[in-house]
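Colleague: I would like to learn how to read a few features of a model. Please take them one at a time.

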Amino acid sequence: MTTFAEVLAAQLRRDPGRPLLTFYDHASDERVELSVTTYANWVAKASGLLSDVADLERGMSLRIDLPPHWLSPVFLGAAWTLGLRVTTSDQPDAVVCGPDGLGAWAPRAGTIPVLACSLRPLGVRFAEALPAGVLDVGVEIWSQPDGFTAWDPPTGDDPATDALTQQQLFGPPADRPHDLTAAVGSDLTDGGRLLSVADPASPPGMATFTEPLGRGGSLVLVRNPDPARLDDVHDAERATARA
C-alpha cells in the first residue's frame, strides 16, 4: 500500500466499526467520535466538495488552515484522495479555514476557493453570513454523496505535502522518514490508541494521524487542552501512547 486511499480501504475491510478518531475540546466540552466508516463517509463528502464545488484536481495544492480539530484529518484524507498537495504556502490553489482565518482568506475568495468551517458541533453551518465568495462547508458538504472515487487517482509518487510523497507517508515503514515516525514516539504499537494535542494538519503533527491510521490504531485529539484533565481523557479513552 502506497496511497491514502489504499490504506483507508484496507482499514474499512479490516474493522469498519472501530473508532478511528476521537475529538475533545476542553473549552466547549465537545466530544466527537468517528468510526472508520464514518470517517470514510466524511472524507468522501469532503472529496466531492473539493472536486465538484472547488474544482480542484490531482496535482493542485490545498492549505488546511484549521486548529486541532476532527475536520483536519477529514480534509487531509480528501486532499490525498484527489491527489492534492497539502501545503503551508500562502499561495495555495485553495484553502480550508476556520473562523479565525476568515480575516486573512476571505479577501482572496475572488481568486481561489475559500472553504470555511464554523467548527461548531456536528460540523454545522456558520450562525452568521459569511463574506462574499466564501463557501460554508457546513452548508455545501451535506449535498455530497457518502462515496467518492477519484477519476484520476494519485499514486504513491504524488506529493502528499510540500516535502513528502504519499508513499513516504503510507508506504512500508522503511519508506517513512525517521523524523516523521519519531513524532509519535516509540510507544505507539499496531492497533494502539494515541493521545495528542498536536495539529494533525501541520507538518510536525501530521504523523499523529497518519501513523495510527496505517497501523490500524486510532487518534484521540484534544483541542484547548486542560492539563489537569488530560490524564482522565487518557484513562477514559484507553489510550496506549501520547504524542
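Modeller: First, the ground rules. This is a predicted model, in which local features need pLDDT of at least 70 and side-chain atom pairs count only at pLDDT 80 or more, while totals for chains, interfaces and linings use all residues. Residues are numbered from 1 along each chain as its sequence is written, and side-chain values use heavy atoms, with hydrogens and water left out.

Colleague: Which residues touch the most other members of the largest nonpolar core?

Modeller: In soluble globular proteins, nonpolar side chains tend to be buried together. A nonpolar core here is a set of buried Ala, Val, Leu, Ile, Met, Phe, Trp, Tyr and Cys residues joined through side-chain atoms within 4.5 Å. Buried means under 20% relative accessible area, exposed over 50%, and partly exposed in between, with a 1.4 Å probe and protein chains only. The largest core has 55 residues, and those touching the most other members are Tyr39, Leu50, Leu62, Trp70, Leu71, Phe75 and Trp80. Apart from this core lies another, of eleven residues, including Trp105 and Ile112.

Colleague: Where is Arg18, and what does its side chain pair with?

Modeller: A salt bridge needs a side-chain nitrogen of Lys or Arg within 4 Å of a carboxyl oxygen of Asp or Glu. Arg18 sits in the loop between helix 1 (4-14) and strand 1 (19-25); helices (H or I, at least four residues) and strands (E, at least two) are DSSP runs, numbered from the N terminus. Arg18 is buried but has no salt bridge, and the nearest side chain of opposite charge, Asp15, is 4.7 Å away; Lys and Arg count as positive, Asp and Glu as negative, with His and the chain ends not counted. The Arg18 side chain does make a polar contact with that of Gln11, at 3.1 Å. Such a contact is a pair of N or O atoms within 3.5 Å; within protein, one must be able to donate a hydrogen and the other to accept it, and residues adjacent in sequence count only if both atoms are side-chain atoms.

Colleague: How many disulfides are there?

Modeller: A disulfide is a pair of cysteine sulfur atoms within 2.5 Å. The structure holds zero. The sulfur of Cys117 is 7.4 Å from the closest cysteine sulfur, in Cys97, which is too far for a bond. Cys97 is buried, at 0% relative accessibility, and Cys117 is buried at 1%.

Colleague: Is helix 8 mostly covered or uncovered?

Modeller: Covered: seven of the eight residues in helix 8 (residues 207-214) are buried. Just after helix 8, Gly216 has a positive phi of about 70 degrees.

Colleague: And is His69 buried or exposed?

Modeller: His69 is buried, with a relative accessible area of 1%.
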